[in-house]
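Here's a quick briefing to read with the model open beside you. Take a look at the fold and the metal site before going through the notes.

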Amino acid sequence: DGVTDRNLEDAIYAFGFGPRCSYVKPFGAGHINETYAVYMPSPEGEDVLAYVLQRVNSNVFKDPAGVMENIFGVTEYMRGVIRREGGDPDRETLSYIKTKSGLNYFEDSEGEPWRCYNFIPDSECYQLVENPEQLYEAGSSFGHFLKQLIEYPASGLKETIPDFHHTAKRYQAFQVAVDRDLKNRAHTCEPEIAFVKNRKEDCSVLVSQQEEGVLPLRVTHNDTKLNNILFDSKTGKGLCVIDLDTIMPGLAANDFGDSIRSGATTGAEDEKNLDLVHFDLELYEAYVRGYLEAAGEVLTPAEVESLPWGARLMTLECGMRFLTDYLQGDTYFKTAYPEHNLVRARTQFRLVEEMEQQFEKMQELARKYAGI
Ligand code: ADP
Ligand code: MG
Ligand code: MG
């Protein structure tokens with residue numbers, strides 16, 4: 001049914017659906033990978049969406065074998081944990097499917113990697129935060145994810161994007177971009193450059209605690225946005241953490257922080273009117289409560305203290321990356337107009353400022369819900 005792509009067809013056969021598959025069509029609105037929905041006939045004779053088939057973007061993921069190894073290791077382990085919890089492993093984690101020859105991904109005739117997992121029916125996904133309850137559920141889902149994997153050996157995971165959240169190295173890259181000023185744009189963003197330079201020391205706060213062994217490496221997700229959680233359509237509760245490509249060893253504070261950065265805000269990431277962009281303490285509290293109710297008992301006191309820093313630093317790091325890309329001529333993030341990355345950097349810095357102003361309150365709330 002409209003499938004003309006040789007490689008797509010090869011992939012369908014490689015995963016063993018070939019003769020039984022009803023049809024395949026493009027799925028979702030992802031920007032990174034190419035995604036297809038695979039329909040299979042049900043016993044009742046109708047076609048149902050059963051699998052998600054993806055061609056992985058090998059420009060972004062240079063080590064697709066490492067990515068798949070991380071995902072397989074973690075999801076197989078999760079299935080065991082979920083079974084012991086009395087849950088349903090087919091709904092509460094993604095189940096990746098091996099090829100007919102037993103490999104965890106298929107390489108097509110152009111050398112591009114394909115992988116396949118189960119579609120989770122009766123689930124919903126939210127693009128934007130509409131109320132604190134959703135952030136509570138998001139915190140609960142990512143906290144639960146952390147707790148489920150607390151004994152999984154994080155150091156055995158491949159670091160598929162090296163130094164992803166090494167904020168101090170991100171600062172160095174920013175400094176180089178300012179010094180080179182390749183596009184002669186530095187004069188258009190002097191206040192923003194100064195904003196980052198004034199926070200150079202902050203960039204090392206979490207990295208050095210990790211290097212000193214004060215903060216442990218955990219299994220981290222590294223893309224902890226609301227739209228990477230499936231919610232159960234019937235109960236409205238967080239059901240399954242998805243989008244597992246960036247699972248790597250990392251700090252709990254960074255996963256926590258990126259959720260707060262993207263979720264506890266009143267404006268879009270590229271809102272031009274900064275009067276509309278605020279850090280929302282009520283949304284923060286909802287997330288912290290959900291996160292610590294789920295994971296509080298397995299986090300060390302130092303990790304609890306690191307969470308508000310994670311929020312500040314993930315937001316600063318993200319703004320710094322937007323500003324760096326702006327200075328380098330927009331080669332990394334997709335932009336719709338020339339100042340797009342600068343606009344994005346400004347929203348992040350607005351959030352950082354407000355987090356700094358409310359930092360004590362943020363710390364109090366983390367301690368309160370951790371019971372320390
Ligand atoms: P991307 O890396 O492009 O964000 P995702 O893996 O997050 O890709 O998938 C994009 C969207 O597709 C998700 O936000 C979700 O709405 C939907 N989706 C992905 N996997 C599943 C699944 N197993 N079951 C149901 N919906 C899914
Ligand atoms: Mg996603
Ligand atoms: Mg992704």
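The notes below cover a sheet, a metal site and a helix.

Keep in mind that this is a predicted model. One thing to look at is an open sheet of 3 strands, in the order 7-9-10 with antiparallel pairing. Another is the magnesium site, where Asp243 coordinates two ions, ligand 3 and ligand 2.

**The sheet**
- Strand 7 (123–124) and strand 10 (238–241) sit at the edges with a single partner strand each, so one side of each has no neighbour in the sheet.
- Strand 7 pairs with strand 9 (residues 229–232) in the antiparallel sense, over 2 bridges.
- Across that pairing, Glu124 stands opposite Phe231 in strand 9.
- Helix 4 (residues 132–148) packs on the sheet and touches strand 9 and strand 10. The direction of helix 4 makes about 50° with that of strand 10.

**The magnesium site**
- You'll find Asp243 in the loop between strand 10 and strand 11 (248–250).
- The magnesium ion (ligand 3) is coordinated by Asp243 (OD) and Asp243 (OD), at 2.1 to 2.6 Å.
- The magnesium ion (ligand 2) is 4.3 Å from the magnesium ion (ligand 3), and Asp243 coordinates both.

**Helix 2**
- Helix 2 (residues 64–85) has 22 residues. From first C-alpha to last, helix 2 reaches 31 Å, close to the 32 Å expected at 1.5 Å a residue.
- Just after helix 2 comes Gly86, which takes a positive phi of about 85°.

How values were computed:
Residues numbered from 1 in each chain as written. Chains lettered and ligands numbered in written order. Predicted model: local features only at pLDDT ≥ 70, side-chain atom pairs only at ≥ 80, totals over all residues. Heavy atoms only, no water. Pairing = 2+ DSSP bridges. Helix = DSSP H or I, 4+ residues; strand = E, 2+ residues; numbered from the N terminus. Contact = heavy atoms within 4.5 Å. Axes fitted to C-alpha atoms, helices over the stretch in contact; angles between N-to-C directions. Donors = N, O, S within 2.8 Å, 3.2 Å for Na, K, Ca; no water. Expected span 1.5 Å × (residues − 1).
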